[in-house]
Amino acid sequence: QVQLVESGGGLVQAGGSLRLSCAASGRIFSIRAMGWYRQVPGKQRDLVATMSSSGGTNYADSVKGRFTISRDIAKKSVYLQMSSLKPEDTAAYYCTADILTGDKIWRDYWGQGTQVTVSS
């Protein structure tokens with residue numbers, strides 16, 4: 001069974017920084033893309049940033065220049081460094097990964113989410 005476990009959320013003032021972490025565990029053969037999405041109540045889950053296994057990145061326009069995604073392949077982990085945070089960044093942040101498991105099928109897995117709250 002595969003699990004993604006996030007950490008690092010919390011309450012921060014506008015202009016501050018937070019670093020989210022996500023580690024994958026379980027019977028993992030390979031991981032392709034890893035990334036972060038966010039969701040506020042009543043709205044759809046939106047892309048924040050993704051990183052491919054080769055290091056290519058994709059960011060939402062709203063976070064470009066403020067957020068940085070990175071990965072540690074050996075640790076099966078992905079990180080999101082968030083700076084210059086704004087109240088509109090307040091959301092539940094979810095880690096996702098495209099993982100090949102023992103049955104040789106690629107699937108998208110999601111973490112349980114970590115709350116980020118930015119006060120004005």
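## Basis of the description

The structure is a predicted model, in which local features need pLDDT of at least 70 and side-chain atom pairs count only at pLDDT 80 or more, while totals for chains, interfaces and linings use all residues. Residues are numbered from 1 along each chain as its sequence is written, and side-chain values use heavy atoms, with hydrogens and water left out.

Strands are DSSP runs (E, at least two residues), numbered from the N terminus. Two strands are said to pair if DSSP finds at least two bridges between them. Strands of a sheet pair through backbone hydrogen bonds, either parallel or antiparallel.

Four strands make up an open sheet in the order β1-β3-β8-β7, and their pairing is antiparallel. The edges are taken by β1 (3-7) and β7; each has a single partner strand, so one side of each is left without a neighbour in the sheet. On average, neighbouring strands of this sheet are turned by 15° against each other, direction ignored; the axes behind this angle are lines fitted to C-alpha atoms.

Within the sheet, strand β3 (residues 18-25) is joined to β8 by six bridges, and the two run antiparallel. A23 has S77 of β8 as its bridge partner.

K76 belongs to the loop between β7 (67-72) and β8 (77-82). Because its relative accessible area is 31%, K76 is partly exposed. Leaving aside neighbours within four places in sequence, K76 is in contact (heavy atoms within 4.5 Å) with C22, A23, A24, I28, I31 and M34. From C-alpha to C-alpha, K76 and Y109 are 13 Å apart in space, and they are 33 residues apart in sequence.

## The disulfide

A disulfide is a pair of cysteine sulfur atoms within 2.5 Å, and by this rule the count comes to one. It is formed by C22 and C95, whose sulfur atoms are 2.0 Å apart. C22 lies in strand β3 and C95 in strand β9, so the pair ties together parts that are 73 residues apart in sequence.

The link of C22 and C95 is left-handed, with -75° about the S-S bond. Both C22 and C95 are buried.

Strand β9 is joined to strand β10 (residues 106-110) by five bridges, and the two run antiparallel. They form a hairpin with four residues between them, where K104 in the turn has a positive phi of about 65°.

D98 lies in β9 (residues 91-101) and stands opposite D108 in β10. D98 counts as buried because its relative accessibility is 15%. Not counting residues up to four places away in sequence, D98 touches S30, I31, R32, A33, W106, R107 and D108.

Notes
Buried means under 20% relative accessible area, exposed over 50%, partly exposed in between (1.4 Å probe, protein chains only). Axes are lines fitted to C-alpha atoms, for helices over the stretch in contact, and angles run from 0 to 180 degrees between N-to-C directions.
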